[in-house]
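Here is a walk through one protein model, with a few stops along the way. Have a look at the sequence and the fold, then read on.

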Amino acid sequence: MAAVSTVGIVGAGAAGLALAAFLADAGISTEILEKSDAPSVLGSGITLQGNALRILRQLGVWEGVSRNGYAFNDLGLRAPNPEGTVVAILDEIQTGGPDLPATFGMYRPTLAAIMRERALAAGVVISYGQKVKSVENLDSTARVTTENGTTREYDLLVGADGIHSTVRQLLGFAAEPKPTGMGIWRAFVPRPVEVVRTDLTYGGSCFIAGYCPTGQQDMYAYLVERAQDRHDQNDTSIMAELAAAYGGPWNEIQQSLIDGAPVNYTQFTAHVVEGDWHRGRSVIIGDAAHSCPPTIAQGAAMALEDAAVLAELLIASEALDQDLWEQFHARRADRASAVVNASVQLGQWLLDGEKDADVPGLMGGLASKLAVPA
């Protein structure tokens with residue numbers, strides 16, 4: 001018998017949807033409380049590495065996902081010159097195993113839709129317009145009150161509500177995301193035929209210029225700069241001006257920007273909740289518990305791993321006790337912290353202009369660690 005029979009999950013992102021589907025498959029009554037009034041259709045592209053794909057396959061959605069994106073097994077490095085010269089093509093570690101691609105790009109809203117359909121098919125209830133107002137841990141349940149005045153009780157409440165988690169704040173965790181000193185421009189654009197993998201350019205007008213193909217027709221491109229106050233975070237002309245410093249496929253990318261491709265600007269932040277991630281009958285996972293800059297494309301992977309491990313323990317255990325929480329923390333805390341620390345370290349090296357930084361060593365060591373299942 002599972003450790004719980006009813007679970008409430010706050011947040012309908014990757015962590016919440018994956019956890020809900022795993023639990024519902026095991027016969028656990030699961031409800032997702034989502035503050036938005038409807039499924040989000042916003043977003044650009046997402047880069048998923050092998051360890052994320054491993055969880056999607058475990059969830060049973062890899063076949064559908066694989067038809068809606070772009071797979072590749074190498075990484076290109078380009079020079080910050082007018083030609084965008086390719087200086088190296090590196091083999092990537094297939095962290096999900098030899099039968100999964102090293103990297104996979106896709107349109108973020110499409111991934112969300114596939115996971116949402118999977119959860120609903122398993123019997124998960126998704127309740128929209130449910131912004132959490134208070135959380136109370138009782139002896140054997142967690143009580144949740146939403147801003148519309150409704151109250152629910154579950155054997156377990158899971159805060160999977162993202163980087164600015166309301167549940168994290170209500171449970172009294174002190175950790176909050178802190179700026180790392182970088183900002184990123186993102187754009188969703190048509191894919192130049194030359195783009196068959198992620199290529200990164202270090203230097204030029206920005207710290208990093210990169211892109212990831214998300215399908216036969218589309219891709220997303222990004223430019224990482226020193227963080228600054230960008231009053232108009234959707235000003236295409238700014239990204240187009242920055243993109244002018246780069247060559248190769250960036251010539252077509254810049255033209256797409258000039259033609260009005262949608263862009264977005266955000267600043268990098270990072271945090272890790274130290275110590276246990278649970279309080280009584282409540283726990284936080286994914287970006288609520290740990291978040292990192294997207295410099296190594298592991299945010300979604302860590303959220304999916306959290307969900308898979310927590311589901312496994314809840315289904316296999318007979319009680320929601322300290323032993324379960326110790327197993328969860330032991331399997332997740334160090335691994336998630338390593339990802340956050342590596343993401344921040346890479347950014348710091350770039351900010352400091354560190355010429356002798358061991359970027360290959362940092363990335364290779366982390367990839368080797370992530371190749372071992374959580």
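In which sense, left-handed or right-handed, does helix 9 pass helix 10? The crossing is left-handed, a term for the near helix being turned anticlockwise from the far one by less than a right angle (clockwise would be right-handed). Before going further: this is a predicted model, where local features need pLDDT of at least 70 and side-chain atom pairs count only at pLDDT 80 or more, while totals for chains, interfaces and linings use all residues. Residues are numbered from 1 along each chain as its sequence is written, and side-chain values use heavy atoms, with hydrogens and water left out.

Back to the helices. Helix 9 covers residues 322-352 and helix 10 covers residues 359-370; they pack at about 165°, with axes 11 Å apart. That makes the two roughly antiparallel, the word for angles over 145 degrees. Helices here are DSSP runs of H or I with at least four residues, strands are E runs of at least two, and both are numbered from the N terminus. Axes are lines fitted to C-alpha atoms, for helices over the stretch in contact, with angles from 0 to 180 degrees between N-to-C directions.

Three strands form an open sheet in the order 9-10-11, with antiparallel pairing; pairing takes at least two DSSP bridges between two strands. Strand 9 (132-137) and strand 11 (151-154) each have a single partner strand, so one side of each lacks a neighbour in the sheet. Strand 9 is joined to strand 10 (residues 142-146) by five bridges, and Val132 has Thr146 in strand 10 as its bridge partner.

How values were computed. Angles under 35 degrees count as roughly parallel, over 145 as roughly antiparallel, 65 to 115 as roughly perpendicular and the rest as oblique.
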